[in-house]
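Here is a note in numbered points on the structure shown below, written for a colleague who works with computed geometry. Please read it alongside the model.

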Amino acid sequence: MGLQIGDIVPRTEVTFEVLKGKVIAIDAFNALYQFLSSIRQPDGIPLMDSQKRVTSHLSGLFYRSVALLSEGIRLIYVFDGEYHPLKGKTHELRAEAKSIAKEKYEEAKEEEDVEGMARYARGFIKLSPEMIVESKELLIALGIGVMQAPGEGEMQCAELVKNGQAYAVGSQDYDALAVGGTRLIQNLTLSRKRKTASGFVYISPEIIEYEKVLNELQVDADQFICLAILVGTDFNPGGVKGIGPKKALSLVHEKKYPVHIFRAIEEKLDFNWQEVFEIFKKPNVAHERVVFPTLNESRVKEILVDRHEFSIERVENQLAKLREVKKESAQKKLF
């Protein structure tokens with residue numbers, strides 16, 4: 001679900017040339033769910049090996065990461081830790097939506113409706129503990145930084161940017177902004193088009209800068225958190241009934257202070273706004289340094305080829321790209 005403020009946030013297109021040599025902190029769960037949702041067969045069934053183990057997440061992680069590394073971008077994938085108790089309602093809503101999607105998928109399957117199967121199959125994807133462990137193994141073998149967050153991965157990504165370990169957060173969600181993440185990059189993919197209900201649309205990476213957002217919306221950090229709570233976060237899904245982004249912004253401008261903002265609509269509140277405010281004001285994050293491992297080609301092949309039957313030729317081709325990146329990097333250091 002995430003923070004629904006896309007309509008009022010200023011953004012700027014950015015090229016991969018600008019991102020070259022920079023570190024991007026990626027919300028791992030966000031990325032893995034994208035891969036599980038999009039990398040599927042025509043009937044919606046995910047990619048699997050001969051033992052029926054899902055490999056869509058590994059395929060997306062491998063090819064996307066190598067592509068970004070080949071552009072000279074360094075990566076840190078941050079994995080979620082323990083969920084905050086207030087996120088329970090969000091999980092309930094997600095579970096309900098998955099149950100409905102599963103029922104509709106079974107109906108489409110009975111009717112041999114391939115398009116329907118593909119549409120509904122994406123609605124009940126699941127990221128298992130085994131998938132998470134194996135994703136970490138692959139990333140480490142690729143020489144990519146991996147960090148386990150104590151709480152929300154996206155908030156930890158924002159912390160990495162704030163403390164200078166990363167240039168920007170890479171995510172399709174906006175939650176990193178609510179905790180003061182300096183820069184957020186969306187559409188971090190080399191694909192230039194995305195399929196929508198009305199056809200294909202062309203896309204490019206976009207950067208959203210925290211200070212520009214505050215200046216454009218004419219709010220300070222606390223007011224921005226209030227804005228987020230009003231429109232809805234994972235800790236108060238749906239926000240305040242009847243209040244969308246523009247109305248929320250108007251209310252923030254009028255009342256200015258958090259106490260006054262929520263006092264003005266207290267009859268509409270069905271959650272404790274102070275608790276939600278505190279989550280963003282004092283996020284549960286770690287302050288450790290991320291260590292980048294060394295590329296281990298034999299380990300990559302063991303995970304993908306030996307264990308999950310990926311094409312050895314395709315894997316070798318991708319590893320050749322990484323060797324070239326490593327060679328270029330060594331030459332630059334030499335000169």
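**Pocket lining and helix packing**

1. In the second largest pocket, the largest share of the lining, 7 residues, comes from α15. This is a predicted model, in which local features need pLDDT of at least 70 and side-chain atom pairs count only at pLDDT 80 or more, while totals for chains, interfaces and linings use all residues. Residues are numbered from 1 along each chain as its sequence is written, and side-chain values use heavy atoms, with hydrogens and water left out.

2. The lining of this second largest pocket consists of 23 residues, of which Leu69, Arg74, Val325, Lys326 and Ser329 lie nearest the centre, and at least two lining residues are supplied by each of α3, β3 (74-79) and α15 (312-334). Here a pocket is an open set of points on a 1 Å grid over the protein atoms alone, where a 1.4 Å probe fits, with protein on both sides within 12 Å along at least five of seven lines, and lining residues have an atom within 4 Å of a point. Helices (H or I, at least four residues) and strands (E, at least two) are DSSP runs, numbered from the N terminus.

3. The volume of the second largest pocket is about 700 Å³, taken as the space filled by probe spheres set on grid points joined across faces, edges and corners. By class, its lining has 10 nonpolar, 6 polar and 7 charged residues, where Ala, Val, Leu, Ile, Met, Phe, Trp, Tyr, Cys and Pro count as nonpolar, Asp, Glu, Lys and Arg as charged, and the others, Gly among them, as polar.

4. Helix α9 (residues 210-217) and helix α10 (residues 221-231) have axes that come within 11 Å and cross at roughly 80 degrees, which means that α9 is roughly perpendicular to α10. Axes are lines fitted to C-alpha atoms, for helices over the stretch in contact, with angles from 0 to 180 degrees between N-to-C directions; angles under 35 degrees count as roughly parallel, over 145 as roughly antiparallel, 65 to 115 as roughly perpendicular and the rest as oblique. The contact (heavy atoms within 4.5 Å) joins Tyr210, Val213, Leu214 and Leu217 of α9 to Ala221, Phe224 and Leu227 of α10, and it has 7 nonpolar, no polar and no charged residues.

5. For α6 and helix α14 (residues 297-307), the axes come within 7 Å and cross at roughly 135 degrees, so α6 is oblique to α14. Glu134, Glu137, Leu138 and Ala141 of α6 meet Arg299, Val300, Ile303, Leu304 and Arg307 of α14, a contact with 5 nonpolar, no polar and 4 charged residues.
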